[in-house]
Amino acid sequence: YRDDDDINDVASMAGVNLNEESARIMATNSDLVGTQIQSCKDEPFLAAVPLHKRILEMAKKLGITDVPAEVVTFISHATQNRLRTVIEKVTVITQHRMESYKDDEWYEQASDVRSQLKFFEQLERLEKQRKDEQEREILLKAAKSRSRQEDPEQARLKQKAKEMQQQELAQMRQRDANLTALAAIGPRKKRKLDSPGLLTIGGEGLGMSGGGQAGLGTPSSRQYARQKITRVNLRDFIFYMEQERETSHSLLLYRALLK
């Protein structure tokens, strides 16, 4: 058996003494043994003093009188991790909601509710216009009638027709006055906000000219891409709470649904 052990001992066959190598490694890295290395300072996410006070208040109800600082730090890190997970999931939900499939060749539009609503609104507008025309014809006929009988209904229709004619005349005068004023003012020129020599600061335009500042407003200046902002609304957060097992039957979800 010794001969077999000597044959299977590859380190001995290569002339390496494992005891000497272990002692050399321990002597070289002796200052690092038992130490903890961190890349950054361990800072708590929440304020330590109010959190410690809140934990003590909750612990006293359970008969615990002392809570070390390590527990406060651990709960702070756990809160930070939980909040990061919630934000990541809600952000994914919001991005899915904002994603558009109109230009995707693999999707075909089955219905267009917006066009249907516009069609119904147009039908209602035409129906209202037809009723207004009928009522106008009735009033005009009543106004033109010269019956000698004193009918109160006929008198009411004549009075209403007279008021309608006065209202139409006032609208025509107002329209003519507006057209006359626009013609006197002339065509309005839109101010170019993206002009090369205009810098907008706080809603006020500042024209720049001169040798040293002329280069700041040139068309060849660097244009920075606008950062896309993901806006999370209450509906996205409610959808997240409905999918999560811990919050699907919570009181917080029902309060959010009532808002």
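**Overview: buried residues in the predicted model.** Of the 259 residues in this protein, 10% are buried (under 20% relative accessible area; exposed is over 50% and partly exposed is in between, with a 1.4 Å probe and protein chains only). This is a predicted model, where local features need pLDDT of at least 70 and side-chain atom pairs count only at pLDDT 80 or more, while totals for chains, interfaces and linings use all residues. Residues are numbered from 1 along each chain as its sequence is written, and side-chain values use heavy atoms, with hydrogens and water left out. Nine helices and two strands make up the secondary structure (DSSP runs numbered from the N terminus: helices are H or I of at least four residues, strands E of at least two).

**Close-up 1: the largest nonpolar core.** Eight residues form this core: V86, V90, I93, I238, Y240, M241, L253 and A256. Such a core is a set of buried Ala, Val, Leu, Ile, Met, Phe, Trp, Tyr and Cys residues joined through side-chain atoms within 4.5 Å.

**Close-up 2: around M241.** Beyond its neighbours within four places in sequence, M241 is in contact with T247, S248, L252, L253 and A256 (contact means heavy atoms within 4.5 Å).

**Close-up 3: a nonpolar surface patch.** Together, F45, L46, L83 and I87 make a patch of about 330 Å². Patch residues have over 30% relative accessible area and no salt bridge, and nonpolar side chains (Val, Leu, Ile, Met, Phe, Trp, Tyr) are joined within 5 Å. L46 sits in the loop between helix 3 (18-28) and helix 4 (48-60), and counts as partly exposed because its relative accessibility is 32%.

How values were computed: Patches are made of residues with over 30% relative accessible area and no salt bridge: like charges are joined within 9 Å, nonpolar side chains (Val, Leu, Ile, Met, Phe, Trp, Tyr) within 5 Å. Accessible areas come from the Shrake-Rupley method with a 1.4 Å probe; for residues, only the protein chains shown count as cover. A salt bridge is a side-chain nitrogen of Lys or Arg within 4 Å of a carboxyl oxygen of Asp or Glu.
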